[in-house]
Amino acid sequence: MKKYDFIIAGGGMAGLSLAYYLTQSPLRDRSILLIDRDQKNRNDRTWCYWERGEGAFESILYRIWNQVEFHGPTLSGLLDMGSYRYKMLRGIDFYTFMDSHLARFSNIERRQATINRIKDTPQGGFVIADDEPFIADYVFDSTYALNLTIPENHNLLQHFKGWVIKIDQPFFDVSRPRMMDFRVPQQGDCRFVYVLPFDEQTALIEYTLFNDKLLTDAEYDNDLHQYIQNHLNGLQFDIRETEFGVIPMSDVTTQENPSKHIIRIGTSGGYTKPSTGYTFQRTQRYLRSLVDSLAQTGRPQRPVSWWQKRYKFFDSIMLNVLEKHRYPADAMFSVLYERNPAERVFQFLDEEDKFFDDLRVMNSMPKWPFTVALFDVLRRKFVS
Ligand SMILES: Cc1cc2nc3c(=O)[nH]c(=O)nc-3n(C[C@H](O)[C@H](O)[C@H](O)COP(=O)(O)OP(=O)(O)OC[C@H]3O[C@@H](n4cnc5c(N)ncnc54)[C@H](O)[C@@H]3O)c2cc1C
């Protein structure tokens, strides 16, 4: 059996990004096997994220905006993002870009197969895919399913259904995407809509919830229809594409390095920001750091200081406020953007370690519900 340097289990966003960063590093000649059960030839998701300056995928961005709208109970209008830009990348453009980039490296093999097992052995990381065994010095796994049932954790879900709609006359302002529009019935939850305009007649309208229970398909459709009815002046529209997704919003402790030869990456590695569900940019940052460390030390371990880990605690507090409905979510996000420039909020969510700015963000939140949440998190994590 051939032994690879690296096997990448799962060639989705994280697996493909890892392969890409390896090709940009001193490890570019290493033998790599990339396995995914899908062909990745459909536009199965759209990623949005904020970023300063130019990123690795600038040439394939679908849209880029320098302002976003927010609509909540006490704040409604444009947010100034300072040096950040809000970017949109379509799944299909990312997969196509990766196909042609990785095809230039003869040391990278790609296989379409279902992975049945991943196991550590003294000889290396061992993978069985479609009943065939493979072995490597390191297996990077993005197929592992997180355990979202442990009671001391907060296990919310971010779930959404989106339609790309085309309307029969110019309507959208292409320079003003709506990042969070809370003008929908909250029904005791956190519910909002994204409106991401592609051109004056076409936009992705995405109805998003943070809670622990999925809706029926008919419920998502009904609420999307309602929003379009109320906010698009009742214009006629065609649905061109549909997107549905569920992202874990959990403070479960993830083992990025569960054993010597296995490393979890992407959602499986806990790269999703628990309090927002944003994963794309964190994955890029974390993988760059992982590849740097692998190239420099020979060990694929992302350095994380104990001080940096405090953000996980802040995430737990935020999840606790949401899960226990300690403060209305629409009002909470309004307060956040009312009392802080968006640039400071994005920095905080990106965990940039700006101590005084972080303090200002925390200090701006409603004191009582966040204090109660803090004590509840301590009780859940350390007492029960
Ligand atoms: C519809 C949708 C929209 C999203 N939008 C955003 C966004 O706007 N911004 C943001 O930051 N995040 C977003 N996310 C969250 C996150 O960025 C994505 O889920 C991202 O794709 C996660 O990357 P990943 O590599 O961990 O998982 P995936 O991209 O899902 O990759 C995992 C891969 O493993 C493969 N696989 C799984 N099991 C097996 C198996 N047994 N055998 C073989 N292959 C297997 C799958 O086919 C898949 O290709 C979105 C998620 C979804 C679902």
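Select residues 6-23, where UniProt, in an unreviewed entry, places the feature "transmembrane region"; feature names are shortened, the positions follow the numbering used here, and annotations may be inferred rather than shown by experiment. The end C-alpha atoms of this span lie 12 Å apart, and the span is 61% helix and 22% strand, where helices (H or I, at least four residues) and strands (E, at least two) are DSSP runs numbered from the N terminus. The model is predicted, so to speak of local features requires pLDDT of at least 70, while side-chain atom pairs count only at pLDDT 80 or more and totals for chains, interfaces and linings use all residues. Residues are numbered from 1 along each chain as its sequence is written, and side-chain values use heavy atoms, with hydrogens and water left out.

Next, select the open sheet of three strands, whose order is 3-7-4 with antiparallel pairing (two strands pair if DSSP finds at least two bridges between them). Strand 3 (46-52) and strand 4 (63-65) stand at the edges with a single partner strand each, so one side of each has no neighbour in the sheet. The twist averages 20° from one strand to the next, with axes fitted to C-alpha atoms, for helices over the stretch in contact, and angles running from 0 to 180 degrees between N-to-C directions. Strand 3 pairs with strand 7 (residues 84-90) over seven bridges, and Y84 in strand 7 is the bridge partner of R52.

Finally, select G298, which follows helix 4 and has a positive phi, near 80°.
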